[in-house]
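Visitor: I am new to this structure and would like to know what its descriptions rest on. Could you show it to me and take my questions one at a time?

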Amino acid sequence: MPAQATDARRAGVLGSPIAHSLSPVLHRAAYAELGLSGWSYDRFEIDEAKLPGFLEKLGPEWAGLSLTMPLKRAVIPLLDEVGETAASVEAVNTVVFTEDGRRIGDNTDIPGIVAALREHGIEQVDSAAILGAGATASSALAALSRICTGEIAVYVRSEARAAEMRQWAERLDVCVRIADWADAEQALRAPLVISTTPAGVTDALARSVPERPAALFDVLYDPWPTDLAARWSAYGGAVVSGLDLLVHQAVLQVEQMTRLAPAPLDAMRKAGERALAAR
């Protein structure tokens, strides 16, 4: 049955560290807009060791969970079912509880990336570049497998990371070229650049932004804008932010957990923007 406004249901986000998470702001804004007065959404500081015990204690009032690092892979053995999208990158960021208590895992980051790009008019590219090769890069690669018709260049800082990305490329059946981070400024001329690196890593690349850049998707949202995104925007290039991704993946989570669609994208985005401005 679809969620009702008077139902006392719970949801939350788990991870470590978790205090910075904007997920409660976004989900609570959705509940308010949807009239789900009985729903609550909280954050929980949970690492891999605490995860099994936390899940076992959850009662029937729980509708679902959002997962961030370091739990996206650790949760998989604890689930009853994992969706195809999550299985493709071995990363679960969403758990939905069924009425009979089963735990279903999904990944909304991948379709969230695609949706965020589509919102900015980017539906298909003939080549792309990824900066970085961590967990987010694998989701970016999976997203690009849906919209990129040609080669994807991945700029990495270690051979171990390069090997991982080659494995993901083979698994996702995409054409990947591994490149050294020392040549990362070459990535900036691609039709679409996805930066998946931590804060500060791409700052030195800002001075190499071409005069007519195409599109940049920077997965960071705090601090924002990054030096790279600021220079990119100043030169007239299209910029998609980490907040765009966060909102779009949260929209999909809300729809799965509440079984109400569409989730209120605009209200969630505005709530996120207000929260970031207040930091």
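Visitor: Which residue stands opposite Val239 in S12?

Guide: Leu216 does. Keep in mind that this is a predicted model.

Visitor: What makes S11 and S12 a pair of strands?

Guide: Two strands count as paired when there are at least two bridges between them. Strand S11, residues 215-218, and S12 have 3 bridges, in the parallel sense. The 3 bridges meet the cut-off of at least two, so the strands are a pair.

Visitor: What is the order of the strands in the sheet that holds S11 and S12?

Guide: The order is S9-S8-S7-S10-S11-S12, an open sheet of 6 strands with parallel pairing. The average twist from one strand to the next is 20°.

Visitor: Why are S9 and S12 said to stand at the edges?

Guide: Strand S9 (176-180) and strand S12 (238-240) each have a single partner strand, so one side of each has no neighbour in the sheet.

Visitor: Which helix touches S10, S11 and S12?

Guide: Helix H4, residues 109-119, packs on the sheet there, and its direction makes about 140° with that of S11. Helix H6, residues 159-172, lies across strand S8 (152-156) and S9, and runs at about 170° to S9.

Visitor: What makes S3 and S5 a pair?

Guide: The cut-off is again at least two bridges. S3 and strand S5, residues 94-97, have 3 bridges, so they are a pair; the sense is antiparallel. In this pairing Ser66 stands opposite Thr94 in S5.

Visitor: What is the pairing in the sheet with the order S2-S1-S3-S5-S6-S4?

Guide: The pairing is mixed, and the sheet is open, with 6 strands.

Visitor: Which helix lies across S1, S2 and S3?

Guide: Helix H1, residues 23-34, does, running at about 175° to S2. Helix H8, residues 242-258, also packs on the sheet, touching S1, S2, S3, S5 and strand S6 (103-106). The direction of H8 makes about 15° with that of S5.

Visitor: How many aromatic pairs are found in the whole structure?

Guide: The search finds 4 aromatic pairs. One of them is formed by Phe44 and Trp62.

Visitor: Which residues line the largest cavity?

Guide: Ser195, Thr197, Pro198, Ala199, Gly200, Val201, Thr202, Asp203, Asp218, Leu220 and Thr226 line the largest cavity. The volume of this cavity is about 30 Å³. The lining divides into 4 nonpolar, 5 polar and 2 charged residues.

Visitor: What makes Asp203 and Asp218 charged members of the lining?

Guide: Asp counts as charged, so these two residues of the lining fall in that class.

Visitor: What is the omega of the peptide bond that joins Ser16 and Pro17?

Guide: Omega is about 0°, and the bond is cis. Pro17 is in the loop between S1 and H1. The bond from Trp224 to Pro225 is also cis, with omega near 0°, and Pro225 is in the loop between S11 and helix H7 (227-234).

Technical notes:
Residues are numbered from 1 along each chain as its sequence is written. This is a predicted model: local features need pLDDT of at least 70, side-chain atom pairs count only at pLDDT 80 or more; totals for chains, interfaces and linings use all residues. Side-chain values use heavy atoms; hydrogens and water are left out. On a 1 Å grid over the protein atoms alone, a cavity is a set of points where a 1.4 Å probe fits but cannot get out, and a pocket is an open set with protein on both sides within 12 Å along at least five of seven lines; lining residues have an atom within 4 Å of a point. Grid points are joined across faces, edges and corners, and a volume is the space filled by probe spheres set on the points. Helices (H or I, at least four residues) and strands (E, at least two) are DSSP runs, numbered from the N terminus. Axes are lines fitted to C-alpha atoms, for helices over the stretch in contact, and angles run from 0 to 180 degrees between N-to-C directions. Contact means heavy atoms within 4.5 Å. Rings of Phe, Tyr and Trp (its six-membered ring) pair if their centres lie within 6.5 Å; planes under 30 degrees apart count as stacked, over 60 as edge-to-face and the rest as tilted.
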